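Keep the structure open as you go.

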Amino acid sequence: GGGLNANTRWLQNGITVAGSKTRGNDLNQLNGPWGICVDDDEQTMYIADTDNHRIIEWKYGATNGKVVAGENGEGSRPDQLRNPKDVVVDKENDCLIICDQGNNRVVRWPRRNDTSGQTIISDVGCAGLAMDNDGNFYVSDYKKYEVRRWRLGETTGTVVAGGQGQGNRLDQLNGPGYIFVDQDYSVYISEWNNDRVIKWIKGAKEGIVVAGGQGRGNSLAQFSRPRGIIVDQFGTVYVADCDNNRVM
């Protein structure tokens, strides 16, 4: 298919597609945005507008966004969010799944004209979300040092990475944050305390370090608190190396 190839060259200047030059809570502003996801079919981007405690829907080319979840201020009611950190689209059920980190919960929020969400996972240190092609969603839990795979309606989920306590062994996680799931159901996890990206193949008992893992630092082999990750069809991993202010 199309997309990136080995000779792709990046433009040196980006184009603003959402938000403005100043932070705020107007519909053309954002305040501390963290996670984003894109629905190509709808030509729409969803943004976890963290410090505004809301999820914003932003159509391609639009100058303003639309609040689609959490427009009732910071709080823990079903119609509120507190510092949401990530969001994914569940197309099969036409809803958003939101990492509502400040409330230690994951929320399902219908996309069509619904004013409140439903808590589907409680007591979870959610930092990142991902979906696979079968409609399963994945949740990283920085308090339990694990990633679980869920289907809507399940009550426990399945551990697919970590779950062996805090640490830097290959079967452990420490500070699992953002996650990416590829076509083969391998799960890639950025660990901000282990300064690495680790790949867990489906069914594996331990992961494989694919980037970093050389201690915290700013050399080309190191990260300093990595966050967002994405993997292209060639298996190239792109990492937001947060405290080094760069993308690797």
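**Exercise 1.** Which side chain meets R112 in a salt bridge, and what is the N to O distance?

*Solution.* Note that the model is predicted. Start from R112. Its side chain and that of D94 meet in a salt bridge, 2.8 Å from N to O. Now place the pair. R112 is in the loop between β7 and β8, and D94 is in the loop between β5 and β6. They are 18 residues apart, so the pair links distant parts of the chain. R112 has a relative accessible area of 47% and is partly exposed.

**Exercise 2.** Find the salt bridge between D94 and R111, then classify each residue as buried or partly exposed.

*Solution.* The closest N and O atoms of D94 and R111 are 3.0 Å apart. This pair also links distant parts of the chain: 17 residues separate D94 from R111, which is in the loop between β7 (105-110) and β8 (118-122). Next, apply the cut-off: buried means under 20% relative accessible area. R111 is at 15%, so R111 is buried. D94 is at 24%, so D94 is partly exposed.

**Exercise 3.** Is D79 buried or partly exposed, and which residue does its side chain meet in a salt bridge?

*Solution.* D79 is at 18% relative accessibility, so D79 is buried. Its side chain meets that of R77 at 2.9 Å, N to O. R77 is partly exposed, at 44%.

Note on methods:
Residues numbered from 1 in each chain as written. Predicted model: local features only at pLDDT ≥ 70, side-chain atom pairs only at ≥ 80, totals over all residues. Heavy atoms only, no water. Salt bridge = Lys/Arg side-chain N within 4 Å of Asp/Glu carboxyl O. Buried < 20%, exposed > 50% of the residue type's maximum accessible area, 1.4 Å probe, protein only. Helix = DSSP H or I, 4+ residues; strand = E, 2+ residues; numbered from the N terminus.
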